[in-house]
Amino acid sequence: MLLNSVQREQKMLTWAYGGLWVFVSAFLWSPSRDGLEGVYALAFFIPLLLVLPWRRPDLAVYGGWFTGVALAYASWSLLSGVWGGDLGYLALQWLVLAIWLAGVAWVLQKKSIDWDKFLRWLVVIGTLTALTNIAVFYWSHPLAARMEGVTVARAPTLVGQVYGVVVLLGILLSWRTDCFKCALGLSLACIPALAALGLSQSRGPLLSLVLSLIVGLCWLRPGWKILLVQLTAALLGLLVLFVIFPLDQLLLERGASFRDQIWLDVIRQMAADPGLFLWGVGMSEVTDIQTSIGEYHHAHNAWLDILYRTGVLGLGLAVIHLVLLLWVARRHSSLAPLTLWLLYGCGCLLVDSRSLFWEIDVKWLLYWIPAGLLAAALMPRKSLPVRAQLNG
């Protein structure tokens, strides 16, 4: 029985390790959110569900305090379903998140990963899907139209968020290599994703990308040669955009897109019942918010949405998780792409999205994917048990 258990664990480990690559890349190519959930279930969730519940709990192997605090936030969000009115749906989301956070930490404890190769793989897939998306959308739409997605990222804002990740990773990888030709190749690979971001006309992801790159520039201090090429290309690209597109209409006339009014109305609703600042209105599968300008699915600010639904207790736990990750990661420049990916995602979430404790969608690519990968990378690897070594 012991041998069978070890063999099963090794097979599930191999399955989940390959599934990790497939699942993360699926945010770039999955045709729908249901498809993304299906990929997660088959590639990662099921194999780890056959292993993790039957192992002796070991927080050090499952992501340490990073996972502990994240699941504390998730548990409080689940508990808020008592007054939010939807425990069953939230319990499933808790399990989905727990398997991801503990699972990715456990898998990467057992099998090492080449981070640069992993991230380059994402950039290549992102480049191909960006080209496909641009071709499909503009085959039947004018260039002035905001580009919508043909994958899980349907709305223009989501398109901008996803391809902003691809551009960020590509540029950061180009800064980390000593090979100028390799750096130039990575920079060129970013062009389709950058075009998709620009064509989505999404200001939040664009601003978040710029700020993340500024932080990366100060942190990584890339070589002047590749930096000069990239800055020159960026200036030329901006010049072309100003000539071809009426940017004052496309980007500026939309104002804050009613976000400021939505935020103000949410705060006013909470001020009318001060107890909501402590525990929130509670989580539910239905997330509609009534405002003075209509009904919206969420607060268009993930952090405000967390406060609205789970109060300062939920927001405090979410912020502690984020700060803990960034505080520890600041000393590991080798993990800068993962850290800045998370930072970029947090910037995007300031002007979009609902609570972080929710179903798998693009929001996961902005927060839980980089957070889980970063936590796993930050944990010191433990030596394998003798029985695992003998059977590995």
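Biologist: In which helix is the place of Q109?

Modeller: Bear in mind that this is a predicted model. Q109 has its place in helix α5.

Biologist: Is Q109 buried or exposed, and what does the side chain of Q109 reach?

Modeller: With a relative accessible area of 3%, Q109 falls under the 20% cut-off and is therefore buried. Its side chain reaches the backbone oxygen of P380 at 2.9 Å.

Biologist: How many residues does the largest nonpolar core have, and which of them have the most contacts inside it?

Modeller: The largest nonpolar core has 116 residues, and those with the most contacts inside it are W100, W341, W364, Y367, W368 and L373. Helix α5, which spans residues 87-110, gives the largest share of this core, namely 14 residues. There is also a second, separate core of nine residues, which includes I289, A299, L304 and Y308.

Biologist: Which residues does W341 touch, if those up to four places away in sequence are not counted?

Modeller: On that count W341 touches V24, L119, L122, V165, L168, L169, L365, L366, I369, P370 and L373.

Biologist: Why is helix α17 largely enclosed by the rest of the structure?

Modeller: Helix α17, residues 368-378, is largely enclosed because 10 of its 11 residues are buried. Among these buried residues are W368, I369, P370 and L373.

Biologist: How are two packed helices described?

Modeller: The description rests on the angle between their axes and the distance between the axes. Here, helix α7 (residues 156-176) and helix α8 (residues 180-200) pack at an angle of about 165°, with their axes 8 Å apart. These two helices, α7 and α8, are therefore roughly antiparallel to each other, and their crossing is left-handed. The contact involves residues including G160, G164 and G170 of α7, together with residues including A183, A193 and A196 of α8.

Biologist: At what angle do helix α14 and helix α15 pack, and how far apart are their axes?

Modeller: Helix α14 (residues 302-329) and helix α15 (residues 336-349) pack at an angle of about 160°, and their axes are 12 Å apart. That angle makes α14 roughly antiparallel to α15, and α14 passes α15 in a left-handed crossing. Where the two helices meet, α14 contributes A302, W303, L322, L325, L326 and A329, while α15 contributes T339, L342, L343, C346 and L349.

Note on methods: Residues numbered from 1 in each chain as written. Predicted model: local features only at pLDDT ≥ 70, side-chain atom pairs only at ≥ 80, totals over all residues. Heavy atoms only, no water. Buried < 20%, exposed > 50% of the residue type's maximum accessible area, 1.4 Å probe, protein only. Helix = DSSP H or I, 4+ residues; strand = E, 2+ residues; numbered from the N terminus. Core = buried A, V, L, I, M, F, W, Y, C linked by side-chain atoms within 4.5 Å. Contact = heavy atoms within 4.5 Å. Polar contact = N/O pair within 3.5 Å; in protein donor to acceptor, adjacent residues only side chain to side chain. Axes fitted to C-alpha atoms, helices over the stretch in contact; angles between N-to-C directions. Parallel < 35°, antiparallel > 145°, perpendicular 65-115°, else oblique. Left-handed = near helix turned anticlockwise from the far one by under 90°.
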